[in-house]
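Subject: Structure handover

Hello,

Here is the structure to look through before we talk. My notes on it come after the model.

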Amino acid sequence: MSDLPRFAVVGHPNKGKSSIVATLAEDDTVAIAKESGTTTRARSFPMRIDEAPLYELIDTPGFQRARAVLAWLTAHERGAEARPAVLRAFVDSHRDDPSFQSECELLQAVIDGAGILYVVDGAKPYSREYEAEMEILRWSGQPRMALINLIGRGDHVDEWRRALDQFFAIVRVFDAVHADFDKRIELLRAFGELHEPWASKLKEAADALIRERKRRRERSATEIADLLCHCLTISCRAGFEGDAPDEALKSRLTNELMQAVRNRERKARKLVQEIYQHGGVVLEEANASLLSTDVFSEQSFNLFGLSGMQLALTGAASGAIAIGGVDLLFGGASLGLATALGALVGGAGTLFAADRLAKVKVLGTPLGGSELRIGPITNPNFPWVLLGRALLHHRLVAERNHALRERLVVDAARGEHFTDTLDLEHRRTLDRCFKTLRDERAADTEIRTALVNEIVSLMDSETASP
Ligand SMILES: Nc1nc2c(ncn2[C@@H]2O[C@H](COP(=O)(O)OP(=O)(O)OP(=O)(O)O)[C@@H](O)[C@H]2O)c(=O)[nH]1
Ligand SMILES: [Mg+2]
């Protein structure tokens with residue numbers, strides 16, 4: 001047998017054992033359900049990074065007849081040092097007995113050398129019926145930690161602790177669905193301290209997870225930078241007859257351009273989800289969800305765009321625009337500055353007449369005809385909206401545990417005022433990148449690298465703040 005740390009996740013039926021396995025092994029395929037008795041066979045789920053296993057979680061069925069097992073063990077008791085052997089004898093002699101199938105499945109992993117993670121639900125009161133389970137686990141002599149999961153609103157953590165402390169060297173509150181990254185790392189380290197032979201492997205595993213998280217951020221930032229580079233440089237064109245293009249052609253090309261952005265954004269989200277092994281998660285399509293709102297919607301612009309004042313300050317600071325020239329950027333010399341800012345804050349939808357969104361240009365073709373080009377998108381708020389949405393999506397995906405099986409729903413409050421979180425220095429650097437992309441209609445390595453670095457630092461500062 002390999003000396004890879006292995007943990008059998010055991011306990012009463014329906015207490016979140018499989019949820020803990022899914023979270024710790026980052027595996028969406030673990031069966032989780034409301035119904036008791038979902039897991040009927042022990043099954044191992046390795047946590048791997050780049051194919052290399054770090055540790056293994058064994059999902060098991062819940063105890064069904066703990067008291068009967070304990071009665072058998074007690075009847076065959078022959079001293080403390082022989083207890084693990086008696087436990088093994090129980091499994092050997094009941095392997096084919098269907099009435100102890102769950103117990104044999106779960107105890108086999110333990111007598112084969114797995115460490116024990118005993119899961120209880122701290123939202124429900126403690127009761128003595130659990131004592132037989134805990135006592136059986138103590139007979140195994142294996143290293144063991146108790147995890148108080150919280151399913152629902154009750155809080156009986158203190159009484160659970162008092163009981164669990166007597167059977168387990170370490171007791172932790174560990175919410176299967178919402179436990180964050182640091183909590184997972186802490187659990188691995190604590191188990192390492194509990195069981196010396198695994199200490200170095202579990203320390204390596206924790207270090208590998210931390211390195212992997214950094215790498216995932218960098219890869220995601222690269223995807224988001226690519227999204228920005230693409231969407232700030234694309235344009236759509238089509239030939240036309242006569243002196244000037246008609247409105248229908250303008251609006252067809254504008255729609256094509258907008259559709260290309262939507263598709264590219266969808267692709268970026270998919271790539272980011274795959275980086276976090278969440279490729280299968282469905283984005284909530286309900287109206288309440290921020291991420292499912294259109295990238296060009298007024299709501300998106302209000303939540304993720306810079307405010308009029310920020311835009312003016314950023315532009316002035318980076319030399320992109322002078323405050324007096326703000327209204328030009330909004331596409332209408334006829335609009336005064338105040339009106340333009342008002343339009344941005346209050347009614348961004350009105351900005352999307354073709355000539356307010358993107359450059360509109362009539363070009364000659366080599367054969368003497370004319371061509372209409374719409375793009376690149378010059379609306380000053382567009383890159384901020386795209387970036388704000390991408391960062392929010394990234395954060396939700398990165399924080400999401402694999403035990404969570406609902407659709408990905410976005411809490412509107414969390415996305416609010418994205419640009420308020422950016423300091424002027426960041427805004428200036430980003431704004432310069434956006435401007436260069438728009439003007440040169442292509443991304444060079446330097447711009448791309450600068451963008452990736454900025455995005456990683458934004459991701460880092462998100463997790464640094466509570
Ligand atoms: N809100 C909340 N629900 C949870 C949590 N942990 C588990 N659940 C839910 O509780 C139910 C049972 O979770 P499972 O992980 O399947 O429990 P189990 O112990 O493996 O159950 P069996 O295999 O039937 O013994 C599922 O509906 C989970 O979504 C939690 O931390 N918070
Ligand atoms: Mg289960």
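The model is predicted, and local features were kept only at pLDDT of at least 70, side-chain atom pairs only at pLDDT 80 or more, while totals for chains, interfaces and linings use all residues. Residues are numbered from 1 along each chain as its sequence is written, and chains are lettered from A and ligands numbered from 1 in the order in which they are written.

Chain overview

The chain has 18 helices and 9 strands; these are DSSP runs numbered from the N terminus, helices being H or I with at least four residues and strands E with at least two. Of its 466 residues, 39% are buried. A residue is buried if 20 or more other C-beta atoms lie within 10 Å of its own, exposed if 12 or fewer, and partly exposed in between, with C-beta atoms placed from the backbone. Among contacts with a separation of 6 or more, 70% join residues 24 or more positions apart; a contact means C-beta atoms, placed from the backbone, within 7 Å.

Nonpolar covers Ala, Val, Leu, Ile, Met, Phe, Trp, Tyr, Cys and Pro, charged covers Asp, Glu, Lys and Arg, and the others, Gly among them, are polar.

In α1, 9 of the 9 residues are buried, so the helix is largely enclosed by the rest of the structure. The cover over its buried residues includes the strands β1 (6-11), β2 (43-49), β3 (52-59), β4 (115-121) and β5 (144-149), as well as α7. Glutamate 26 follows α1 and has a positive phi, near 50°.

Helix pairs

The axes of α7 (residues 181-194) and α8 (residues 199-233) come within 7 Å and cross at roughly 165°. Axes are lines fitted to C-alpha atoms, for helices over the stretch in contact, and angles run from 0 to 180 degrees between N-to-C directions. The two helices are therefore roughly antiparallel, a label for angles over 145 degrees. Their crossing is left-handed, meaning that the near helix is turned anticlockwise from the far one by less than a right angle (clockwise would be right-handed). Residues in this contact include Phe181, Ile185 and Leu188 of α7 and Leu202, Leu209 and Ile210 of α8. The contact divides into 10 nonpolar, 1 polar and 4 charged residues.

α8 also pairs with α15 (residues 382-399): their axes come within 10 Å and cross at roughly 155°. That makes α8 and α15 roughly antiparallel, and their crossing is right-handed. Ser220, Ile224, Leu227, Leu228, Cys231 and Leu232 of α8 meet Pro383, Leu386, Leu387, Ala390 and His394 of α15. This contact has 9 nonpolar residues, 2 polar and no charged ones.

Glutamate 103

Which helix holds glutamate 103? It lies in α4 (residues 101-111). Glutamate 103 counts as buried because it has 25 C-beta neighbours inside 10 Å. Leaving out residues up to four places away in sequence, glutamate 103 touches Phe63, Gln64, Arg65 and Val69. Glutamate 103 and proline 61 are 42 residues apart in sequence, and their C-alpha atoms are 7.8 Å apart.

Regards

Conventions: Parallel < 35°, antiparallel > 145°, perpendicular 65-115°, else oblique. Contact = placed C-beta atoms within 7 Å.
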